[in-house]
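Please open the model in your viewer and keep the sequence panel beside it.

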Amino acid sequence: MPEDRRIGSILVVDCGTVMTKALLLDRIAGEYRFVASGEAPTPRTVDGTDIIKGIFHAVARISHVTGRQFFDEIDDLISPQVTRQQGVDAFAATVSAGEPLQVVVTGLVDDLSISSARRAAAGTYSQVSAILGGEKSANLTDEERVREIRGTRPDVVVLAGGIDGGAERPVLDSAKAATLACAMMDRGKRPTLLYAGNSQLRRQVTEIVGDEAELRVVENVRPTLEKERIWDARQELQTLFRQRKMHQIPGVATLRAWSPVPIMPTAQAFGQLIQYLWYLGDPASGVLGIDIGGGNTTIAAVFDEQLHMTIQGGLGVAFGGGRLLEERGSECIACWIPELIQEHELEAFMLLKGIHPASIPQTDLELWMEQSLACAAIRGTMEIARPGWKGTAAQVYPDLTPICDTILISGGPLTRVPRPGQAALVILNAVQPIGVSTLILDRYGLAPALGNVAAVKPLAAVEALDAGGFTNLATVVAPVGDTADPGDTVLRMNVSYEDGGVLEVEVRRGDLEVLPLPLDQEAVLELHPAKGYDVGLGGPGTGGKRQVSGGMAGLIIDARGRPLPLPSQPAECRGQVQQWLYDIGG
Amino acid sequence: MYYASATKISSFTTIRRDRVLPEPGEVLVDPGDRVESTQVVARASIPGDFRILAVGRMLGILASEVQHSLQTELGSTVHRGDVIAKREGLLGRSVSCPIDGVVTATGGGRVLIEAKPLPFELRAHISGHVLAVENNQMITLETAGALVQGFWGAGEESVGPLKFLTKRADEPLEARTIDASCHGRIIVAGMILDEEPLSRAEDIDAQGIVTGGLSPELLSAAKQLPFPLIVTDGFGDFPMMKGVFTLLKDHEEEEASISGQTETGHRARRPEIIIPLPNREPPVYQTQHAGEFEPGLRVRAVRAPYAGLVGTILDIPQFAQRMESGARVRCAEIDVGQDKPVVIPLVNLDVLR
């Protein structure tokens, strides 16, 4: 839609699985400003989420604060604005409520076609309910494959496998098994088959599927051993998500009638904002966005101008804990909790959180459990995302997180922590950034909204961002290398403050330290890494100067190592986690 | 702030429930009909088992030769043990059918045998009358009676008379109290803290268990039970809420319909106990609407350290308050019958309606 210069007030809503947020932007003194926000639980019923009711409740909070009326007597949106107290000029909405697309992936090799197909699926709100192929299920019989597909009742089966001109028979066998499974299901309940494998088999696959199922053919997600091409498959899966899931949510039709632009999945809007942030920074570095909510975890990353989206549908701090316990065991969560906790206690906590998803922790133990769950969910999502970033300029070390200038943190579980150091520690433990990064907190949940507003009125998004919609959480300096012994110096650093003060710091391997650098203050860092240690300024042993900003959690030096080592003994691990919490002020 | 969750606890209300077939089928009742809880109200056929037999591999022949080896035709009914393919000669072999069914597909050296669809019968589950029928798949039933929504549940549905095995709402269930008289009954107890009563109830063929609290260590065992189990108050040594205990006690030995089905994802389903009371004039049906928190509402805390505490909202201060965890949130002051009110975040309150 062409930008409408007459647009003044804009109401933006984000319908989440657990909470619905509403934001009002308006022109004040010639510039767009964030005026007010409201939040309310998204009502859930046996039939799914009631997003319209959630919007009315959230917008009612804005009405309460501003006195503005948004809806008329028949609950229709008043648009365009009648007066400054009645109606809005534009409305935009993002949606993450609703069920994710259920996907079954078939492929041949875990690290190749299966991994690429999983990343393609993670480009939209999806949940991979079964993987047929790879090391664990290479020996499945046809009957077992059919049983799995029929049993999981997916929305889509992604048929991957075989580089172009490569393997044929196992790929065709997968297509046959998927077709047979479809033939044994009611026509109305059959999944769509998305063929994203060996491109030379397209004709045979089309013949095999015949009219037993809807077949969509896209580019091979792994055309060669080295190349991954998931864009085509992602687009198709995003379309399927919109058609089969998002547009089916009761109330979305009403939103479409109110909005001049298409309703956008929250993650997509979030990704747009991360892309915008990348254009503002150093093109050699990347920008990372982490959005963790009650029902989903999203990682949006931009490297070399390209946006990489990784979404774990159904994995958030309210729903998905049980799935983590089942798939990875309790240790993936318990290892981040500084107190001894039994598996059944964790299970009970996950169930409680699922039953009352909007509830918050009141005690330290429950807070740690929730933050540990967030950490495990982000780590799991990073595992899927990271291989897709290989080969980008920012990825200096193949198995580590690329160098990111900025890491934006969004989502209630991390933006509403009692102490800012807690949010920072979750991100450090889960993302494990390297070099110098600024952690930014989206305290008011603006990120998806601003990404969406950019579609209606780009200027409004830019001005609202400039007006301080986000808050600096911390600047992190994380040297990487493995040549030093524990306790050896890995970095010498001078911090020159704006008031002329200079702090000299010697960082030893294993340290996690917080130096004073409050919000709205800047400092110049002079970094001298030890031989073999890299702070992202040009390689191991290369130092330099960086101007950095302060944050709520100060200036954090994380020399614990990458990948982050955790003691193998549970008691020792708890002690270590407790120490880190103490060190960071959590 | 609108409240996130509400638990319905009513001694007499009008209840509507949808009964849905897993596949479209035949509905056996009409709007206005009276139904009993155990009455079959609809039936359907659901897909049965199947087998894919790799005949070519089993007989050691080429896929193209399989067609000649078949002893049966596409669409034929076959029985377990029937020879469906045979290789003649000195090294002759045969493939027997592992299930009763129909040969529905052949190709690629394989044969697909699908068992006959399984009959599925949908019972009313609650006594009442039929309000509406939709698409040969869904029936809406209405009844008047007592309704208690639970906190968490396991298992499916069952119907049976309520039998109390603890005298008090805060008394743990002991296995020795479960005897033959519990056969076919729904056991009600203050709390369950060890596994023995669960095993005993299973041995005696109870129809279900309703408990105030359940030790979290018993979650796995609870999920394995052949009957529904409903936890009304929480995981741990929670007593059953007094009002619920008294309400259920008033209907001891009366028939209750219980459902342990709990959904915690994008859809929300709570376990429930329904006691139909058909001989009283039903009140006007009301849908549950989330409303605003206000003084006077009865609420229950859902998170530690006050989980399970029931009281009445006295006041909702305008400004956020700091919690033990350090979080600052809007709270309510709750009268729990002690000298001082307790302060609990609004989002951690479940409204009792």
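## A first stop in a loop

Begin by selecting Gln432(A), a buried residue whose relative accessible area is 9%, which places it under the 20% that marks a residue as buried. In this predicted model, Gln432(A) sits in the loop that runs between helix 15 (420-431) and strand 17 (435-441) of chain A. Its phi is near 55 degrees, a positive value in a residue other than glycine. Most residues other than glycine have a negative phi, and most peptide bonds are trans.

For a second example, move to chain B and select Asn136(B), which also has a positive phi, of about 55 degrees, although it is not a glycine. Asn136(B) belongs to the loop between strand 13 (128-134) and strand 14 (138-149) of chain B. Is Asn136(B) buried or partly exposed? Asn136(B) is partly exposed, with a relative accessible area of 45%, a value that falls between the 20% and 50% cut-offs.

## Chain A as a whole

Now select chain A, which has 18 helices and 24 strands. The radius of gyration of chain A is 25 Å, close to the 25 Å that the globule rule gives for 586 residues, so chain A is as compact as a globular protein of that length. Of the 586 residues in chain A, 59% count as buried. Among the contacts in chain A between residues at least 6 apart in sequence, 68% join residues that are at least 24 apart.

## Helix 1 and what follows it

Select residues 51-66 of chain A to bring up helix 1, whose 16 residues should span 22 Å at 1.5 Å a residue; the C-alpha atoms at its ends are 23 Å apart, which agrees. Which residues of helix 1 of chain A are buried? They are Ile51(A), Ile52(A), Gly54(A), Ile55(A), His57(A), Ala58(A), Val59(A) and Ile62(A). To see what covers these buried residues, show the elements of chain A that include strand 1 (10-15), strand 2 (19-28), strand 3 (31-41), strand 5 (48-49) and helix 8 (252-258). Just after helix 1 of chain A comes Gly67(A), which takes a positive phi of about 80 degrees.

Follow the chain onward to Pro80(A), which is placed in the loop between helix 1 and strand 6 (90-95) of chain A. The peptide bond joining Ser79(A) and Pro80(A) is cis, with omega at about 5 degrees. Another cis peptide bond runs from Arg562(A) to Pro563(A), with omega near -10 degrees, and Pro563(A) lies in the loop between strand 24 (555-558) and helix 18 (570-584) of chain A.

## Two sheets in chain A

Show the strands of chain A next, and look for the open sheet of 8 strands in the order 15-14-13-16-17-18-24-21, where the pairing is mixed. Strand 15 (306-313) and strand 21 (512-515) of chain A stand at the edges, each with a single partner strand, so one side of each has no neighbour in the sheet. Neighbouring strands of this sheet are turned by 20 degrees against each other on average, direction ignored. At one end, strand 14 (residues 296-303) and strand 15 of chain A pair in the antiparallel sense over 8 bridges, and Thr298(A) stands opposite Ile311(A) in strand 15.

An open sheet in chain A with antiparallel pairing has 4 strands, in the order 20-19-22-23. Here strand 20 (502-508) and strand 23 (544-549) of chain A are at the edges with a single partner strand each, so one side of each is left without a neighbour in the sheet. The twist averages 25 degrees from one strand to the next. Strand 19 (residues 489-497) is joined to strand 20 of chain A by 7 bridges, and the two run antiparallel; select Met493(A) to find it opposite Val505(A) in strand 20.

## A hairpin in chain B

Finish in chain B with strand 8 (residues 83-87) and strand 9 (residues 93-96), which pair in the antiparallel sense over 4 bridges. Val83(B) stands opposite Ser96(B) in strand 9 of chain B. This hairpin has 5 residues between its strands, and Gly89(B) takes a positive phi near 105 degrees there.

Note on methods: Residues numbered from 1 in each chain as written. Chains lettered and ligands numbered in written order. Predicted model: local features only at pLDDT ≥ 70, side-chain atom pairs only at ≥ 80, totals over all residues. Heavy atoms only, no water. Expected span 1.5 Å × (residues − 1). Buried < 20%, exposed > 50% of the residue type's maximum accessible area, 1.4 Å probe, protein only. Contact = heavy atoms within 4.5 Å. Pairing = 2+ DSSP bridges. Axes fitted to C-alpha atoms, helices over the stretch in contact; angles between N-to-C directions. Rg over C-alpha atoms; globule rule 2.2 N^0.38 Å.
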